Amino acid sequence: MQNESGENVDLYVPRKCSWTNRLVKAKDHSSVQINVANVDPVTGLATGESTPYCLAGYIRFKSEGDMALTSLVQKNDAGMNAAQE
């Protein structure tokens, strides 16, 4: 919830799974948040910035975490390359 000046005033903002858009509950102890470094396409060096991806325990339980993370990173990389051109 936001106040009149546009500031976030909620005490708890739940995370969402980047792959399934499910809410990650507070008791989901098998969920992970992974920060993937952004890489400069010209030099191939990390820029110091990162993109966070959250995966729910449901995805990890079904053994699809690796596929989900790979697909999310490739989709984000394609979007970043299109934005630069």
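Which backbone oxygen does the side chain of Ser31 reach, and at what distance?

Modeller: The model is a predicted one, in which local features need pLDDT of at least 70 and side-chain atom pairs count only at pLDDT 80 or more, whereas totals for chains, interfaces and linings use all residues. Residues are numbered from 1 along each chain as its sequence is written, and side-chain values use heavy atoms, with hydrogens and water left out.

To take your question directly, the side chain of Ser31 reaches the backbone oxygen of Asp28 at 3.0 Å. This is a polar contact, that is, a pair of N or O atoms within 3.5 Å; within protein, one atom must be able to donate a hydrogen and the other to accept it, and residues adjacent in sequence count only if both atoms are side-chain atoms. A polar contact also joins the side chain of Ser31 to the side chain of Arg15, at 3.5 Å. With a relative accessible area of 14%, Ser31 is buried; the term means under 20%, with exposed over 50% and partly exposed in between (1.4 Å probe, protein chains only). Not counting residues up to four places away in sequence, Ser31 touches Arg15, Val24, Leu55, Ala56 and Gly57, where contact means heavy atoms within 4.5 Å.

Strand β3 covers residues 32-39 and includes Asn38. Ile34 also has its place in β3, and counts as partly exposed at 31% relative accessibility. Leaving aside neighbours within four places in sequence, Ile34 is in contact with Thr51, Pro52, Tyr53 and Leu69. Its C-alpha atom is separated by 13 Å from that of Trp19, 15 residues apart along the chain.

Val36, likewise in β3, is partly exposed, with a relative accessible area of 24%. Val36 touches Ser50, Thr51, Tyr53 and Val73, residues up to four places away in sequence not being counted. Between Val36 and Asn76 there are 40 residues in sequence and 11 Å in space, C-alpha to C-alpha.

Asn38 is buried, at a relative accessible area of 12%. Its side chain makes a polar contact of 2.9 Å with the side chain of Thr51. Apart from neighbours within four places in sequence, the contacts of Asn38 are Leu45, Ala46, Thr47, Glu49, Ser50 and Thr51.

As for the setting, the protein has two helices and four strands, which follow the pattern β-β-β-β-α-α along the sequence. The radius of gyration is 16 Å, well over the 12 Å that the globule rule gives for 85 residues, so the protein is more spread out than a compact globule. That radius is taken over C-alpha atoms, and the rule is 2.2 Å times the number of residues to the power 0.38. Along the principal axes, the C-alpha atoms fill a box of roughly 40 × 40 × 20 Å. Of the 85 residues, 18% count as buried. Among contacts with a separation of 6 or more, 34% are between residues 24 or more positions apart.
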